[in-house]
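Look at the sequence and the structure first, then read on.

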Number of protein chains: 4
Amino acid sequence: MIRFALFGAGFIGQVHGANIAACPRTKLQYVFDVNAEAAHKLAGRFGAKVAGSVEEVFAADDVDAVLIASSTNTHADLLSAAIKARKPVYCEKPIDMDLARVKAVVQEAHDNPVPIMMGFSRRFDPNHRALRQTVQAGEVGVVEMLHLVCRSSAPPPLAYIKVSGGQFRDQTIHMFDLLCWVAGQAPVEVYATGASMMDPAITEAGDVDTSMLILKFADGALCHIDNSRHTGYGYDERIEVFGSEGLVESRRKPIRDVAIYKGDKVIEDGMYAGWFERMEPSFLLAIDAFAAALEGETGIDYPTLQDGLRAQMIAEAAVASLKQGKPVQIEYWQPG
Amino acid sequence: MIRFALFGAGFIGQVHGANIAACPRTKLQYVFDVNAEAAHKLAGRFGAKVAGSVEEVFAADDVDAVLIASSTNTHADLLSAAIKARKPVYCEKPIDMDLARVKAVVQEAHDNPVPIMMGFSRRFDPNHRALRQTVQAGEVGVVEMLHLVCRSSAPPPLAYIKVSGGQFRDQTIHMFDLLCWVAGQAPVEVYATGASMMDPAITEAGDVDTSMLILKFADGALCHIDNSRHTGYGYDERIEVFGSEGLVESRRKPIRDVAIYKGDKVIEDGMYAGWFERMEPSFLLAIDAFAAALEGETGIDYPTLQDGLRAQMIAEAAVASLKQGKPVQIEYWQPG
Amino acid sequence: MIRFALFGAGFIGQVHGANIAACPRTKLQYVFDVNAEAAHKLAGRFGAKVAGSVEEVFAADDVDAVLIASSTNTHADLLSAAIKARKPVYCEKPIDMDLARVKAVVQEAHDNPVPIMMGFSRRFDPNHRALRQTVQAGEVGVVEMLHLVCRSSAPPPLAYIKVSGGQFRDQTIHMFDLLCWVAGQAPVEVYATGASMMDPAITEAGDVDTSMLILKFADGALCHIDNSRHTGYGYDERIEVFGSEGLVESRRKPIRDVAIYKGDKVIEDGMYAGWFERMEPSFLLAIDAFAAALEGETGIDYPTLQDGLRAQMIAEAAVASLKQGKPVQIEYWQPG
Amino acid sequence: MIRFALFGAGFIGQVHGANIAACPRTKLQYVFDVNAEAAHKLAGRFGAKVAGSVEEVFAADDVDAVLIASSTNTHADLLSAAIKARKPVYCEKPIDMDLARVKAVVQEAHDNPVPIMMGFSRRFDPNHRALRQTVQAGEVGVVEMLHLVCRSSAPPPLAYIKVSGGQFRDQTIHMFDLLCWVAGQAPVEVYATGASMMDPAITEAGDVDTSMLILKFADGALCHIDNSRHTGYGYDERIEVFGSEGLVESRRKPIRDVAIYKGDKVIEDGMYAGWFERMEPSFLLAIDAFAAALEGETGIDYPTLQDGLRAQMIAEAAVASLKQGKPVQIEYWQPG
């Protein structure tokens with residue numbers, strides 16, 4: 001039984017808190033939030049204790065691991081504190097918006113390794129996992145092309161977009177992690193282009209809401225990603241892998257399996273309303289997988305801190321390509 | 001090259017005429033119809049000759065086979081004439097409405113065999129054929145249950161219904177042939193029930209427009225058929241075979257493969273408007289198969305005159321069951 | 001917050017116990033089982049108390065409702081005790097195997113009404129609910145035909161089959177409830193037929209494992225049900241409603257949405273392994289719905305004790321039809 | 001009835017010849033091929049005359065239109081001859097491999113207009129047409145992203161690839177026409193990248209077999225195309241249009257609608273074996289549409305000579321982008 005201390009009792013903190021309570025492998029031991037009321041409410045719901053400070057959490061001897069779901073600018077410090085306290089960490093993405101700070105934390109973790117899982121919970125979506133297993137088993141042969149589609153049903157608030165680092169760092173980053181995980185290798189070059197089709201304010205904020213990228217792998221394989229900040233039909237996320245011997249796809253997931261036949265049409269249930277409704281089950285699966293790894297189960301390929309850095313460096317290159325209007329080589333920094 | 005004489009230049013005669021002309025194995029040599037104008041029009045379109053009489057057709061030395069697509073009450077006489085003239089026949093169903101006359105023709109064909117194919121063209125539908133091949137290859141194990149759905153998009157005119165012999169003899173008869181062909185055996189008992197849900201005039205005409213049947217095989221396997229004379233969504237014909245090791249289905253066939261995602265729905269293209277639009281390609285495939293068999297190709301399981309009789313006897317038992325309100329044993333008469 | 005006492009800590013009792021604990025509207029207060037160890041284990045997992053006797057439960061003042069998941073022969077007595085104690089009940093099906101006892105309890109509940117929900121949890125399956133809503137909203141017009149498919153992936157142990165009351169009372173009963181609920185009316189006649197295709201021991205036990213039924217409604221509408229105790233492809237449950245203006249279907253539910261294209265085939269994920277894997281989410285939804293009704297929410301159409309009796313009387317008629325080999329009128333007893 | 005003279009009796013000439021014979025609006029009057037035997041064989045099959053020379057065709061007074069299906073290097077001269085003879089032309093793509101020659105012919109046609117249809121027969125595929133109609137009707141709102149997939153099941157012979165002008169001019173050109181036709185506008189910029197994943201000989205020939213392109217429209221909309229010269233699963237061609245209010249897709253087309261459920265898998269029929277099997281019906285529809293336009297029917301948006309030039313100029317820009325490794329502006333030359 002892994003006893004978790006949770007940092008952050010906002011929306012995603014509440015999700016993690018409930019999952020830690022529900023997962024048979026884990027227990028919600030502490031909640032900390034700068035908003036003490038939110039911390040008390042969440043802790044109360046699941047019989048957890050409220051921590052008065054960050055220090056209290058790391059000093060406690062009934063904490064086996066921490067989950068960082070607080071605001072982005074606190075991630076690096078909490079990661080650093082956890083590394084020093086030798087506590088395993090489940091950390092929401094991103095590591096930090098400042099790449100120098102990211103590298104410092106990755107270096108620190110490299111020098112004093114503790115298990116750190118980045119919250120790329122999409123890796124635990126059953127559809128995506130089955131797709132990856134098919135690819136890794138060689139069932140479609142050598143990977144030649146990948147397609148990833150990531151379309152939110154509605155944009156986040158403009159205020160959020162302005163501080164989000166832009167579409168690639170905020171939204172596409174999940175796809176960057178997925179493509180490396182599925183392909184079993186990291187791309188070497190990226191071409192990114194996009195526009196703001198939805199809202200001129202997004203352009204004014206220096207961002208795009210509609211974008212396409214082509215990424216190249218060293219062996220010539222190609223990957224295409226398309227992103228949108230809105231759709232007229234719910235949340236749409238898919239992966240297609242084209243190999244030398246076949247194709248595998250993680251398809252759109254319908255809400256229900258109900259169809260009406262009327263006139264010359266068939267009307268089926270469509271997509272989940274938003275990314276959270278679609279991806280909700282993978283959050284619990286992610287917690288369970290990390291806990292299983294901490295309990296010593298082998299073969300669990302959870303996303304590491306270095307995976308988080310890798311995805312972020314692809315995002316940096318994509319941002320550069322968008323600005324320069326041409327393909328950009330991706331540089332992967334490694335801790336030394 | 002099989003040279004065909006065609007009896008009947010009505011709707012279904014025109015379909016057969018065009019297919020005989022288009023099929024590389026066959027040639028439309030003569031057309032006969034009591035409506036000479038219709039015969040001339042059809043013959044002219046494909047460079048065929050118009051026969052002045054039935055006798056002229058059977059006397060001609062440039063006729064290799066005949067296709068009977070004239071009105072039902074002429075089938076038995078034309079079959080008899082063809083048997084006497086030693087001409088292979090493709091005959092539209094049914095053989096005749098009078099079972100005594102049917103038996104007489106079957107006996108005559110038994111005594112003087114010529115190749116006779118009944119126009120159960122659904123056997124040549126590519127979906128149904130692939131389903132049967134799967135069943136016959138044992139891929140789903142021992143057949144335990146079959147389902148056949150046969151729903152017309154709109155009823156024929158009431159005048160036709162009145163002389164059609166009723167839903168089982170007119171519509172379900174195709175399913176009776178299909179189920180024997182797919183299962184590789186004939187049922188021994190039938191329970192039929194139904195109602196007129198659409199139009200009270202159909203009840204007054206002594207018929208039903210909505211019906212369900214359960215047929216039993218000697219080994220305990222069960223078959224369900226449902227029939228309707230109308231739908232709100234086009235023509236719906238399907239077969240499902242449930243075996244001890246799996247299931248195979250010949251699914252609904254959509255008009256096109258186009259889908260619109262909008263709101264919380266997916267709108268796909270639906271069914272073909274009517275049975276003819278859905279089944280049209282199988283008519284040419286049926287002609288081609290019969291011609292191939294006449295040319296000596298082996299392994300072509302075209303529906304025979306005896307298959308036509310078998311389907312008709314199942315229909316008779318179904319009619320009896322409907323009247324009696326209880327299951328009825330099916331009697332299969334054999335020529336001796 | 002509805003505080004539940006749970007009778008029965010076997011497989012289905014554990015499912016209900018976990019759901020009562022997880023549902024925000026309910027709390028697991030007591031567990032009782034003749035197997036005290038099982039009761040302690042289940043209670044301990046969710047912080048509930050163990051009751052020493054049935055009487056203790058009904059005497060307790062911190063119990064708002066009871067859930068009966070103990071063995072079938074205890075249902076009637078526990079229902080009776082709950083009625084006397086004025087406690088709402090969620091009762092697993094069936095009420096009792098003895099129809100006289102069933103009627104006595106229904107009469108008692110009629111005379112001293114408390115909310116009683118029968119555990120027909122399939123009504124809470126999201127697919128089936130959406131189908132019913134479509135039908136009730138008139139989107140497919142007047143209901144003319146229904147199809148229900150209920151095929152278990154593997155048979156229960158023969159020992160269970162022998163005391164189960166047979167396929168119709170044990171398995172098909174869920175379909176009998178669903179069809180009344182979906183159609184908004186109860187059938188008046190049933191024809192049932194079947195065989196043991198799987199295992200001769202089932203025949204010897206006087207039961208069938210493969211069966212088909214046709215049920216008739218007063219307005220002429222027809223319903224077909226097919227049942228199997230095994231499949232080669234997982235659990236298969238579907239409903240199709242054919243109306244005068246269209247068709248709606250609650251389709252098979254696939255495990256995942258992943259497809260492999262290879263050669264001339266597409267290989268998709270298939271069905272859930274068993275009925276429980278398929279129906280698991282509906283158990284929590286059922287508890288939640290009953291709790292909502294107890295909290296005063298209106299418009300919740302949970303299955304009542306009388307619905308349980310209705311399904312059972314259809315099953316009795318089906319058993320009679322199977323024995324007699326002909327259609328049987330269904331008699332609906334009403335408490336007076 | 002439009003009387004056609006056909007140039008070219010090779011594979012694609014035979015397809016067109018049979019379709020001209022089968023289409024009720026058209027008649028195959030003459031066949032010309034430098035291989036006289038091939039011309040005789042094709043003409044004989046459909047009762048057409050064999051022309052002794054190109055001049056004979058253009059001098060004949062029983063020719064209403066010509067179809068150019070001869071080798072690519074003859075297209076420009078035959079187009080020029082047809083323009084001079086005032087004969088409508090259906091011309092297989094491309095116009096010519098030499099852009100200067102292409103411009104000269106387009107200028108000539110501009111100065112002396114006759115109806116000229118380029119053989120982009122995919123426009124007549126029923127799936128693609130329905131998709132375009134949906135887009136043009138505004139059902140998905142403003143077009144924001146398009147995806148086109150074009151994957152051949154097997155590469156053409158290397159000898160053909162060497163003279164084909166490369167993947168973009170030979171294969172992707174169909175997608176260039178489709179995307180302009182569907183979007184209702186032409187792209188302004190293209191980025192193309194690719195590799196030879198299949199066969200190093202293709203790299204040596206200066207070509208790619210696996211490629212991805214991103215095209216931009218003036219309003220910011222983006223289009224992605226992926227191409228492959230081989231697949232492990234038949235021919236794969238799809239279009240997806242993502243608009244501000246929804247999505248429409250012209251999906252993969254399965255061979256049949258048959259599915260086997262076995263174990264935990266569903267095995268469905270896959271894709272057509274090759275592009276021709278998949279696209280065959282659109283050839284007849286293309287001939288019929290052109291004939292209808294010649295007969296005066298309005299609203300038929302057949303691909304014109306200028307559309308052929310447009311697609312070719314996009315291909316030229318794509319080739320330039322591939323070589324330069326960066327996005328290239330597309331220049332559209334117009335006859336003056």
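## The hairpin in chain B

In the hairpin formed by E13(B) and E14(B), two residues lie between the strands, and B:Gly263 there has a positive phi near 55°. Helices (H or I, at least four residues) and strands (E, at least two) are DSSP runs, numbered from the N terminus. E13(B) and E14(B) run antiparallel and are joined by four bridges; two strands pair if DSSP finds at least two bridges between them.

The model is a predicted one, in which local features need pLDDT of at least 70, side-chain atom pairs count only at pLDDT 80 or more, and totals for chains, interfaces and linings use all residues. Residues are numbered from 1 along each chain as its sequence is written, while chains are lettered from A and ligands numbered from 1 in the order in which they are written.

## Where chains A and B meet

Which strand of chain A pairs with E14(B)? Strand E14 (residues 265-269) of chain A does, in the antiparallel sense and over five bridges. A:Ile267 has B:Ile267 as its bridge partner in E14(B), and A:Asp269 has B:Lys265.

In all, 15 residues of chain B are in contact with 15 residues of chain A, where contact means that the C-beta atoms, placed from the backbone, lie within 7 Å. Strand E13 (258-262) and strand E14 (265-269) of chain B are the elements that give two or more residues to the side of chain B that touches chain A. E14(B) supplies the largest share of that side, five residues. By class, the side of chain B that touches chain A has six nonpolar, four polar and five charged residues. Here Ala, Val, Leu, Ile, Met, Phe, Trp, Tyr, Cys and Pro count as nonpolar, Asp, Glu, Lys and Arg as charged, and the others, Gly among them, as polar.

## How the copies are related

Two copies of a chain are related by a rotation about an axis and a shift along it. Copies are superposed by least squares on the C-alpha atoms of residues with pLDDT of at least 70 in both. Because 100% of the interface residues of chain B are also interface residues in chain A, these copies meet through the same surface.

Chain A is superposed on chain D by a rotation of 180° with 0.0 Å of shift along its axis (RMSD 0.0 Å). In chain A, the C-alpha nearest that axis is the one of A:Lys326, at 2.7 Å.

## Helix packing in chain A

Helix H6 (residues 126-136) and helix H8 (residues 167-183) of chain A pack at an angle of about 35°, with their axes 8 Å apart. Axes are lines fitted to C-alpha atoms, for helices over the stretch in contact, and angles run from 0 to 180 degrees between N-to-C directions. A:His128, A:Leu131, A:Arg132 and A:Val135 of H6(A) make the contact with A:Leu178, A:Trp181 and A:Val182 of H8(A). This contact of H6(A) with H8(A) has five nonpolar, one polar and one charged residues.

Methods: Two residues are in contact if their C-beta atoms, placed from the backbone, lie within 7 Å.
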